[in-house]
Amino acid sequence: MRRFTWFNATALTFGFVFLYLPMIILVIYSFNASKLVTVWAGFSTKWYAELFQNDAFLDAAWVTLQVGVASSTLATILGTMAAYVLVRAGRFHGRTLFSGMIYAPLVMPEVITGLSLLLLFIGIGLDRGIFTIILAHTTFSMCYVSVVVSSRLVSFDQSLEEAALDLGCSPFESFRLVTLPIIAPAVISGWLLAFTLSLDDLVIASFTSGPSATTLPIKIFSAVRLGVSPEINALSTLMIGIVAIGVISASIVSKRAAVKQRQDEQAADRS
Amino acid sequence: MRRLFLIAVPYLWLLALFLIPFVIVLKIALSDTALAIPPYMPTLDFAGGWQAIKDFFSALDMENFVFLTEDDLYWKSYLSSLQIAAVSTVLTLLVGYPLAYGMAMAPDEWRPTLMMLMILPFWTSFLIRVYSWMGILSNEGFLNQFLLWTGLISEPLIILNTNSAVYIGIVYTYLPFMVLPIYSALEKLDGSLLEAAEDLGCSRLTAFWLVTIPLSKSGIIAGSFLVFIPALGEFVIPSLLGGSGTLMIGKVLWEEFFSNRDWPVASAVAVVLLLILIIPIILFQRNEQKEREKNQ
């Protein structure tokens, strides 16, 4: 018995307006000709032009992209291994500590993670730069990856792996040919999650970066501390646009894949 | 051999980059401030042998923790962080519950779209979502322009750089964390229970209080912790939307480290924050555990 009432419709409308209106305003005002950010003075794309001439932003974007790709790839490998250990390795010494270290970073305040990593890097005399940001991002995002992947591994039918082994596969081959294709969607969404977390991170990057490497969030933060600026609105619009296109196309692709899988299964049932 | 390798690689990584850094924080929290590089004393010197290690441990003390209790900036910041996190959690629940309820009651064919609309902001940069409120809440901002235009107010309200702006920022950015667990609890709700309650003479409102709310309790608890725990250590929201009067411990820690360069005090602040967080984290884990057992 489900009744969709006026109350429900109102709650949904207000809720989603609340969620989206600030971003819509931001996007609209990024095309504002005026430097005054709250007064509309006609349509213009000049802030985008200025943005693309600003080398500091372009450099920061490049650093962010390098850190994002490197750390999310490393995090996916380590996180998948960790998920495998959590779900499959059975009992071993220090298992409790291991799962604790996987879950703790998920609830740790970023200021503490950042501070502790910075103190480590200084303690061992590692120069701060792109490399240290990659290490830091890999560490916290591998935990997210392992949570995503292990939830898929739990529901995975282990007899498929055993069958592959019985049929003469080496353990590595059985992983590559059987396990990996099945957990691939979780591994991919783990990678995407790690990538977005890395692109988004301000606090940990601020602690672990040096003067040689500034990421985009650090750059944005130091700019917006002084107030709203049309250039940042333009940059934000680009970032919102990229994410929206990415998420929507990913959901269309996975929906198609699900439909195809259902058709394949039906076809298999009939034959 | 292969199993050992599989365990060892992520294990050693986390030990080196998660656990050991914490031990360092703890150690520096127990050290004295020094005008040197690195700015703390004592430093451990293994080359000095057993005597050096003994000296090292005897030089550690609780001085920085005592300092935290003496200077009222710190305990005021902890209390005000707890208060801001608690108030915003309640506000997020008040905004989030009707939204989750609406999603759960919506026709089946709407749900994937509603779900995506709810998740999409989560993938968008946190910093940008917080920043988007700066233009809305400022004195000449859109909210004040709108309210002046409607004639509800005659002078602009001062919202940006106050605690109210921090509440709005937390509710806005953490809303999906509240909505999604409540939605997943409500989605499983058996509609015939509500029918039974109404057949037995409950009004719809009473049935909602007596049936729907208790059955979505686990979602409410999970959502509240998912908002409360990160809000407590929040840095970006108070520093962009809050004012100089907004005391939040994440911001204090940041300033202690970057502006005052007092590493030992910053580390002590971090250790105490962690001790405060342990309680809600354990409660949250227990709630999750109970849910898992119930579902099996």
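**View 1. Leu115(A) and the residues around it.** Leaving aside neighbours within four places in sequence, Leu115(A) is in contact with Phe207(A) and, across in chain B, with Val25(B), Leu253(B), Phe257(B), Ala266(B) and Ala270(B); contact here means C-beta atoms, placed from the backbone, within 7 Å. This is a predicted model, where local features need pLDDT of at least 70 and side-chain atom pairs count only at pLDDT 80 or more, while totals for chains, interfaces and linings use all residues. Residues are numbered from 1 along each chain as its sequence is written, with chains lettered from A and ligands numbered from 1 in the order in which they are written.

**View 2. Where chain A touches chain B.** Here 59 residues of chain A are in contact with 66 residues of chain B. H1(A) gives the largest share of the chain A side, 11 residues. By class, that side has 46 nonpolar, 9 polar and 4 charged residues (Ala, Val, Leu, Ile, Met, Phe, Trp, Tyr, Cys and Pro count as nonpolar, Asp, Glu, Lys and Arg as charged, and the others, Gly among them, as polar).

**View 3. H4(A) against H1(B).** Helices are DSSP runs of H or I with at least four residues, numbered from the N terminus. The two pack at an angle of about 50°, their axes 10 Å apart (axes are lines fitted to C-alpha atoms over the stretch in contact, and angles run from 0 to 180 degrees between N-to-C directions). Take a look at the residues that meet: Phe98(A), Met101(A) and Pro105(A) from H4(A), with Tyr11(B), Leu14(B), Phe18(B) and Leu19(B) from H1(B). By class, this contact has 7 nonpolar, no polar and no charged residues.

Notes: Two residues are in contact if their C-beta atoms, placed from the backbone, lie within 7 Å.
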